[in-house]
Amino acid sequence: MTAGPTGRSAFTDRLTAAVAAHGPLCVGIDPHPGLLARWGHEDDAAGVERFGRDAVAALAGHVAVVKPQVALFEVHGSGGVRALERVLADARDAGLLTVADAKRGDIGSTMTAYARAWLADTSPLAADAVTLSPYLGVGSLTPALDLAAETGRGVFVLARTSNPEASAVQSAQSWTSLSDPSSPGMREVAQSVVDACAAANAARAGAGGSGPAGVVVGATGGTTGRAHGLDLTRLYGPVLVPGLGAQGATPDDLARTFADGTGPVVPSSSREILSAGPDPEALRDACRALNGALRSLALPAGPIGA
């Protein structure tokens, strides 16, 4: 694999290799109360730990990535955070890549602390990547981008989410001459986020040319080609696509929506897979079926673009 600036494999390169080996599917580890009950667990710290660790044990070697939903562990206080640490450690030991779905975003020393919590080698919460919110400005995420580049990890920055409340912010028009002097003009906030992440990658690219920043673009299920309306061709980083399965998007929707652009494209499904549990083989069967459908699509599978 291509080495990053510190001699480590860059996150995008490791993700590309994992997708090639195991398919593009990312499985969210979301211990919702209903799923906990279905699996025979209490809605407490012990229950979310057992749920998460059993899911990791079943999925190891069958998917490229798992994505624990941080809030559903945090709700159980210190015990839930300890449970998340153990789930992340199990996944690391099993060779699974992890994305901590934390959606953090702040400024200055606080953002530096968030970066250290999720991306530093010494942190018990360290994941391979973390989701970040850019709405204090993508520049405020610099501590996380820098640390991710240093440690060979990655970040996924929210760009176009699928919840209806997001449109008022993400579809608003903004003037971009300050953030992108090479291409001034009006564009949507979501596109400005993508462009800022592309610039961050270009500034931090390792020997292989890929930087630490990916984006989150929800699966809209549209039929018009690029229903999200974003130009992803210059990102040179991965795209995390939540919304597959229970939220309504199908593999065919993804083929229409993400045929062009950067990669790897990593669709995420949680409830559609987890509801097959707790039987490990049933979980693996659900993964194989969905991963097989995704493998048949012409989704970008590696870092492309400029």
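Is Arg 104 buried or exposed? Arg 104 is buried, at a relative accessible area of 15%, where buried means under 20%, exposed over 50% and partly exposed in between (1.4 Å probe, protein chains only). Keep in mind that this is a predicted model, where local features need pLDDT of at least 70, side-chain atom pairs count only at pLDDT 80 or more, and totals for chains, interfaces and linings use all residues. Residues are numbered from 1 along each chain as its sequence is written, and side-chain values use heavy atoms, with hydrogens and water left out.

**Salt bridges**

- There are 16 salt bridges in the structure, each one a side-chain nitrogen of Lys or Arg within 4 Å of a carboxyl oxygen of Asp or Glu.
- Arg 104 pairs up with Glu 74 in one of these, at 2.5 Å from N to O.
- That pair ties together distant parts of the chain, 30 residues apart: Arg 104 sits in strand β3 (residues 97–104) and Glu 74 in helix α4 (residues 71–74). Helices (H or I, at least four residues) and strands (E, at least two) are DSSP runs, numbered from the N terminus.
- Glu 74 is partly exposed, with 35% relative accessibility.
- Lys 103 has a salt bridge too, to Asp 101, with the closest N and O atoms 2.7 Å apart.
- In that pair, Lys 103 is partly exposed at 40% relative accessibility, whereas Asp 101 is buried at 8%.
- Asp 195 and Arg 187 meet through their side chains at 2.2 Å, N to O. Both ends are buried: Asp 195 has a relative accessible area of 10% and Arg 187 comes in at 12%.

**Helix packing: α3 and α12**

- Helix α3 (residues 45–59) and helix α12 (residues 280–295) have axes that come within 9 Å and cross at roughly 60°. The axes are lines fitted to C-alpha atoms over the stretch in contact, with angles running from 0 to 180 degrees between N-to-C directions.
- So α3 is oblique to α12; the label covers whatever is left after under 35 degrees (roughly parallel), over 145 (roughly antiparallel) and 65 to 115 (roughly perpendicular).
- Ala 57, Ala 58 and Leu 59 of α3 make the contact with Pro 280, Leu 283, Arg 284 and Cys 287 of α12, contact being heavy atoms within 4.5 Å.
- By class, that contact has six nonpolar, no polar and one charged residues. Nonpolar covers Ala, Val, Leu, Ile, Met, Phe, Trp, Tyr, Cys and Pro, charged covers Asp, Glu, Lys and Arg, and the others, Gly among them, are polar.
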